[in-house]
Amino acid sequence: MTHFDIQHDPTRRRFLAQVDGYEGAVEYRQDGDRMEIVRTTVPEAIGGRGIAAQLVKSALDFAGANKLRVTPTCSYAATYIRRHLEYADLVD
């Protein structure tokens with residue numbers, strides 16, 4: 001799998017990947033020690049490269065490092081967590 005440079009924009013509450021002129025993103029809400037992953041978006045033009053997975057992984061790694069409890073409202077994030085049980089202990 002190709003690794004992409006993931007940037008965290010805490011002001012906009014997003015994790016971002018710029019690829020071939022397109023932007024993929026994971027959007028979240030944070031309230032105290034809780035992070036809700038609300039949306040994962042990767043344009044079709046850059047889909048199928050594992051970008052969404054790396055974005056969600058970055059968000060979950062951030063949550064773990066900051067001792068945040070995660071609510072995966074986004075169906076992609078919920079599926080990712082079910083497939084990567086090392087993140088299951090973060091889920092509310």
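Q: Is Asp92 buried, partly exposed or exposed, and what relative accessibility goes with that?
A: Relative accessible area over 50% counts as exposed and under 20% as buried, with partly exposed in between. In this predicted model, Asp92 has 48% relative accessibility, so Asp92 counts as partly exposed.

Q: Which residue does Asp92 form a salt bridge with?
A: For a salt bridge, look for a side-chain nitrogen of Lys or Arg within 4 Å of a carboxyl oxygen of Asp or Glu. Asp92 has such a bridge with Arg69, and their closest N and O atoms are 3.1 Å apart. The two come from distant parts of the chain, 23 residues apart: Asp92 sits in the segment after α2 (75–83), Arg69 in strand β5 (residues 69–72). Arg69 is partly exposed, at a relative accessible area of 29%.

Q: Where in the chain are the partners Asp20 and Arg49?
A: Start with the contact: Asp20 and Arg49 form a salt bridge, with 2.9 Å between the closest N and O atoms. Now trace the chain. Asp20 is in the loop between β2 (14–19) and β3 (22–31), while Arg49 is in the loop between β4 (34–41) and α1 (51–65). That puts them 29 residues apart, so this pair too links distant parts of the chain. Asp20 is exposed at 56%, whereas Arg49 is partly exposed at 34%.

Q: How many residues apart are Lys57 and Asp61 in helix α1?
A: Lys57 and Asp61 are 4 residues apart in helix α1, so about one helical turn separates them. Their side chains meet in a salt bridge, 2.7 Å from N to O. Lys57 is partly exposed, with a relative accessible area of 36%, and Asp61 is partly exposed as well, with 32%.

Q: How many aromatic pairs does a search of the whole structure find?
A: The search turns up 4 aromatic pairs. One of them is Tyr80 with Tyr87, whose ring centres are 6.1 Å apart and whose planes meet at 40°. Planes under 30 degrees apart count as stacked and over 60 as edge-to-face, with the rest called tilted. At 40°, then, the Tyr80 and Tyr87 pair is tilted.

Q: Are Tyr80 and Tyr87 buried or exposed?
A: Tyr80 is buried, at 8% relative accessibility. Tyr87 is buried too, with a relative accessible area of 8%.

Q: Which residues form one aromatic cluster?
A: Look for Phe15, Tyr28 and Phe62, which make up one cluster.

Terms used. Residues are numbered from 1 along each chain as its sequence is written. This is a predicted model: local features need pLDDT of at least 70, side-chain atom pairs count only at pLDDT 80 or more; totals for chains, interfaces and linings use all residues. Side-chain values use heavy atoms; hydrogens and water are left out. Rings of Phe, Tyr and Trp (its six-membered ring) pair if their centres lie within 6.5 Å; planes under 30 degrees apart count as stacked, over 60 as edge-to-face and the rest as tilted. Buried means under 20% relative accessible area, exposed over 50%, partly exposed in between (1.4 Å probe, protein chains only).
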